[in-house]
Amino acid sequence: MKIDSFEIRRVQMPLVSPFRTSFGIETEREMLVVRVRTPDGDGWGECVGMSDPLYSSEYVDGIDDVLKRFLIPDLLSMDAVSAPLVAPRLAKYKGHRMAKAALEMAIMDAELRSQGISFAQSLGAVVDHVPSGVSVGIMDSIPELLDAVGSYIDEGYVRIKLKIEPGWDVDPVRAVRERFGDEVMLQVDANTAYTLGDAPQLAKLDPFGLLLIEQPLDEEDVLGHADLAARIKTPICLDESIVSARSAADAIRLGACSIVNIKPGRVGGYLEARRIHDVCAAHNVPVWCGGMLETGLGRAANVALAALPGFTLPGDVSASDRFYQVDLTEPFVLEGGGLHVPDGPGLGVDPLEERLKEFTVRAEEVQR
Ligand code: NPG
């Protein structure tokens, strides 16, 4: 496929309520949305990088720079491009996986739209509806947390994930178990907030029958996770540490995790995400789809990925209204505890012109 140009849009969307994790509080989501223009039609990519480099080293201003200065000019210099060529072509630029993922997503969308094939079909989805989990931020008090969890359960979410950090771990988990019972699928996410020295504290979560504990230790501490796995009963799931199919294979071989969270942006795109799915499936390691407060664009692609056979645990694929009063696309709505997998060409959803205008703070065209 030939590419005419790329448009980079900086988008700012208010969140329905502040979202607090062990690395910060978000009240608004700032992100980049990329549109690729081709003679066969446009395609959309969403970049999951945040405003500040707190979850990963990538951040919006840095992504904007690397896109304009290196990645986009390189792709524009090619006679023709297709989604599987993007990652190998851009491999010489170290890192910047979220930036690369957004470009691959846009090109994949344009390509699939022109071929009349959906993301789900192209990735190998086997279901048309995926169960939704919801991620619940750190709160100021246990009663406030219980109210939030109660409303998500009432809405129909089938799995609850509690964000934890030192000082907010065993008590909230115990309170949720006491109030909502042992049947609720419950897991926790530490976003690297602990060290191996905290093993005795983390072992106190063992009696609560959690599905998993996500990324308790530093992202580079893969061996530490293997050691921790020997000291606690709750299964360890890695998120930040898994940046490629290779790192997933390494972590599994070292015994650092028994479950993997796959976020396409973190690993450089949907095609690498599928390779991680394949590696994990080959090792009987369950995977689930992570979320990074995506708009309807990224959500559509995540839902398609979550429909692959190895995604045996509910993902952070909540409805649009979990984070946004109005979405960039028609909203994803919770039905039967999950979301329908879009089946139209490409992402199967389009940004609504008015919304895009409303939330865009800057738009730039990068041409050949
Ligand atoms: O449902 O989109 C969602 C959010 C799920 O908790 C969630 N994401 O650490 O997994 C995470 C966390 C996150 C959000 C990470 C934003 C980075 C940015």
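This section describes the ligand site of a predicted model, one of its helices, and several residues in strands and loops.

The ligand is surrounded by 18 residues, and the closest of these are Ser135, Lys163, Asn191, Lys263 and Leu293. An N or O atom in the side chain of Lys263 is 2.8 Å from a ligand oxygen atom. For Leu293, a backbone N or O atom is involved, and its distance from an oxygen atom of the ligand is 2.8 Å. Asp189 has a polar side-chain atom 3.4 Å from an oxygen atom of the ligand. When taken alone, the ligand exposes 430 Å², and the protein buries 100% of that area. The space that the ligand takes is the largest cavity.

Lys163, one of the residues closest to the ligand, belongs to strand E6, which comprises residues 159-163. Its relative accessible area is 7%, and because this is under 20%, Lys163 is classed as buried. Two polar contacts involve the side chain of Lys163. One is made with the side chain of Asp189, at 2.6 Å. The other joins Lys163 to the side chain of Asn191, at 2.7 Å. Ser135 is 28 residues away from Lys163 along the chain, yet the C-alpha atoms of the two residues are separated by 7.2 Å. With residues up to four places away in sequence left out, Lys163 touches Phe19, Arg20, Thr21, Ser135, Val136, Gly137, Ile138, Trp168, Asp189 and Asn191.

Helix H12 covers residues 296-305, and the loop between strand E11 (287-289) and this helix contains Thr295. Thr295 has a relative accessibility of 0% and so counts as buried. Beyond four places in sequence, Thr295 touches Met13, Met31, Glu46, Tyr324, Asp327 and Leu328. Helix H12 itself is largely enclosed by the rest of the structure, because 10 of its 10 residues are buried. Among these buried residues are Gly296, Leu297, Gly298 and Arg299. Asn302 and Leu305 are also buried residues of H12. In general, residues three or four places apart in an α-helix point the same way, because such a helix has 3.6 residues a turn.

Two loop residues have a positive phi. His96 is not a glycine, but its phi is positive, at about 55 degrees. This residue is found in the loop that lies between helix H2 (83-90) and helix H3 (97-115). His96 has a relative accessible area of 33% and is partly exposed. Asn284, also a residue other than glycine, has a positive phi near 55 degrees. The loop holding Asn284 lies between helix H11 (270-282) and strand E11. At a relative accessibility of 70%, Asn284 counts as exposed.

Technical notes
Residues numbered from 1 in each chain as written. Predicted model: local features only at pLDDT ≥ 70, side-chain atom pairs only at ≥ 80, totals over all residues. Heavy atoms only, no water. Helix = DSSP H or I, 4+ residues; strand = E, 2+ residues; numbered from the N terminus. Buried < 20%, exposed > 50% of the residue type's maximum accessible area, 1.4 Å probe, protein only. Contact = heavy atoms within 4.5 Å. Polar contact = N/O pair within 3.5 Å; in protein donor to acceptor, adjacent residues only side chain to side chain. Near = heavy atom within 4 Å. Areas by Shrake-Rupley, 256 points an atom, 1.4 Å probe, with all protein chains shown as cover. 1 Å grid on protein atoms, 1.4 Å probe; cavity = no way out; pocket = protein on both sides within 12 Å on 5 of 7 lines; lining within 4 Å. Sits in = over half its atoms within 2 Å of the grid points.
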